[in-house]
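Trainee: I would like to learn how to read a structure feature by feature. Where do we begin?

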Amino acid sequence: MFEIVRIENFSPSTFLWEVRAPEIAHAARPGQFVIVRCDEKAERIPLTIADFDVVSGTVTVVIQAAGKSTFDMKAYKALDQISDVAGPLGEPSEIENFGTVVLVGGGLGVAPVFPILRALKLKGCRTISIIGFRSKSLVFWEGRFREYSDETIIVTDDGTYGEKGLVTQPLKQIITEREINRVIAIGPLVMMKAAAEVTRPAGVRTIVSVNPIMVDGTGMCGSCRVSLGGEVKFACIDGPDMDGHLVNFDELLIRQKRFSKYEKKSLELYEKKCQKK
Ligand SMILES: Cc1cc2nc3c(=O)[nH]c(=O)nc-3n(C[C@H](O)[C@H](O)[C@H](O)COP(=O)(O)OP(=O)(O)OC[C@H]3O[C@@H](n4cnc5c(N)ncnc54)[C@H](O)[C@@H]3O)c2cc1C
Ligand code: FES
């Protein structure tokens, strides 16, 4: 069993869990993920490691309630136990002194960008962070980003905080005006696709973290397949980090919706069950 040491709510639908898992904390590297199963009957939920602390023996994940299982996870309280946390899974992000790196996080994608930003800064990179949210009330970890970034740009869709607009706007300006050695973009698929299109003409290497539907997380089921430059790759073992200029985002967007009918039904049944309680 794994204890949830701390919970922090960022918004009504976004929350952080710090979970005691010393072996995972020891082995974890930026860019990797865990698969969580809350109890014996629960679904397996892949979640990116947003932070890890070897001293306290904890890993941190930031979760967005998107469907039945993640809504269910909102009901957990600090000191509750969950049955499984498997990981760390996936390939770690490449961490080197690349020169100047722009780190782009959209919405929940801000959380998985953080350990990559910190590791790149500690390696000596010059770091420019662009973090985007729908609105001011959804902003989290601004202080953490400012601590490890030479420049931090915050954007909100509605202009209630920082600059008004999408993360791709300041990204485009920076790519046009300065010499950038690498871009890391993590967020919704459409955002990562747009970021890759911004950097493609300038030929700036752009790494995205893909999140197709995963089952085993160990390369056996084929659920997480992604077309990368015409080759078949599995995000759980070949990624999640991938070259954004080679990912077939259109196929990924279609595959991501392949169970949506059942996901909708499952959430409706869950909501009915909750209302009866
Ligand atoms: C490598 C990876 C890292 C991820 N990191 C995070 C994270 O840090 N925080 C976070 O909130 N979410 C993360 N996700 C997405 C998260 O796993 C899904 O939101 C969750 O599984 C949805 O389950 P549900 O029952 O609540 O919703 P459902 O109603 O079952 O699904 C809602 C949507 O979530 C996606 N989804 C559903 N099942 C899976 C699955 N097994 N694997 C991947 N996506 C799925 C689908 O696009 C679906 O449309 C990550 C996914 C992957 C693959
Ligand atoms: S989740 Fe099964 S192969 Fe990747």
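**Backbone first, then packing**

Mentor: Start with a loop. Leu79 sits in the loop between helix 2 and strand 7 (81-82). Keep in mind that this is a predicted model.

Trainee: What is the phi of Leu79?

Mentor: General idea first. Most residues other than glycine have a negative phi, and most peptide bonds are trans. Now the case here. Phi of Leu79 is near 80°, a positive value in a residue that is not glycine. Leu79 also counts as exposed, at 56% relative accessibility.

Trainee: Where is Trp141 found, and is it buried or exposed?

Mentor: Trp141 is in the loop between strand 10 (126-133) and helix 4 (142-148). Its phi is positive too, about 60°, although it is not a glycine. Trp141 counts as buried, because its relative accessibility of 12% falls under the 20% cut-off.

Trainee: Next, the peptide bonds. Which one ends at Pro88?

Mentor: The bond from Gly87 to Pro88, and it is cis, with omega near 0°. Pro88 lies in strand 8 (residues 84-89). A cis peptide bond also joins Gly239 and Pro240, with omega about 10°. Pro240 belongs to the loop between helix 7 (235-238) and strand 17 (241-243).

Trainee: On to helices. Which residues of helix 8 are buried?

Mentor: In helix 8 (residues 249-256), they are Phe249, Leu252 and Arg255. They cover an arc of only 125° around the axis, so they lie on the same side of helix 8. Their cover includes helix 6 (189-199), strand 14 (206-209) and strand 15 (225-228).

Trainee: What happens at the start of helix 8?

Mentor: Look at Asn248. One of its side-chain oxygens reaches to within 3.3 Å of the backbone nitrogen of Asp250.

Trainee: How do I describe helix 6 against helix 8?

Mentor: Two packed helices are described by the angle between their axes and the distance between the axes. Here the axes of helix 6 and helix 8 come within 10 Å and cross at roughly 180°. That makes the two helices roughly antiparallel.

Trainee: Which residues of helix 6 meet helix 8?

Mentor: Leu189, Val190, Met192, Lys193 and Ala196. On the helix 8 side they meet Phe249, Asp250, Leu252, Leu253 and Gln256. The contact residues divide into seven nonpolar, one polar and two charged.

Trainee: Let me try single residues. Is Thr199 buried or exposed?

Mentor: Thr199, in helix 6, is buried, with a relative accessible area of 0%. Its side chain makes a polar contact with the side chain of His245, at 2.8 Å. Neighbours within four places in sequence aside, Thr199 touches Leu171, Ile175, Val183, Val204, Thr206 and His245.

Trainee: And what does Ser69 contact?

Mentor: Ser69 is in helix 2 (residues 68-73). It is buried, with a relative accessible area of 13%. Beyond its neighbours within four places in sequence, Ser69 is in contact with Glu43 and Ile45.

Trainee: Last one. Where is Asn181?

Mentor: Asn181 is in the loop between helix 5 (168-177) and strand 13 (182-186). It is partly exposed, with a relative accessible area of 33%. A polar atom of its side chain lies 2.7 Å from the backbone nitrogen of Thr100. Leaving aside neighbours within four places in sequence, Asn181 contacts Phe98, Gly99, Thr100, Val204 and Arg205. Now take Thr218, 37 residues from Asn181 along the chain: their C-alpha atoms are separated by 32 Å.

Technical notes
Residues numbered from 1 in each chain as written. Chains lettered and ligands numbered in written order. Predicted model: local features only at pLDDT ≥ 70, side-chain atom pairs only at ≥ 80, totals over all residues. Heavy atoms only, no water. Buried < 20%, exposed > 50% of the residue type's maximum accessible area, 1.4 Å probe, protein only. Helix = DSSP H or I, 4+ residues; strand = E, 2+ residues; numbered from the N terminus. Arc of directions from axis to C-beta. Contact = heavy atoms within 4.5 Å. Polar contact = N/O pair within 3.5 Å; in protein donor to acceptor, adjacent residues only side chain to side chain. Axes fitted to C-alpha atoms, helices over the stretch in contact; angles between N-to-C directions. Parallel < 35°, antiparallel > 145°, perpendicular 65-115°, else oblique. Nonpolar A, V, L, I, M, F, W, Y, C, P; charged D, E, K, R; others polar.
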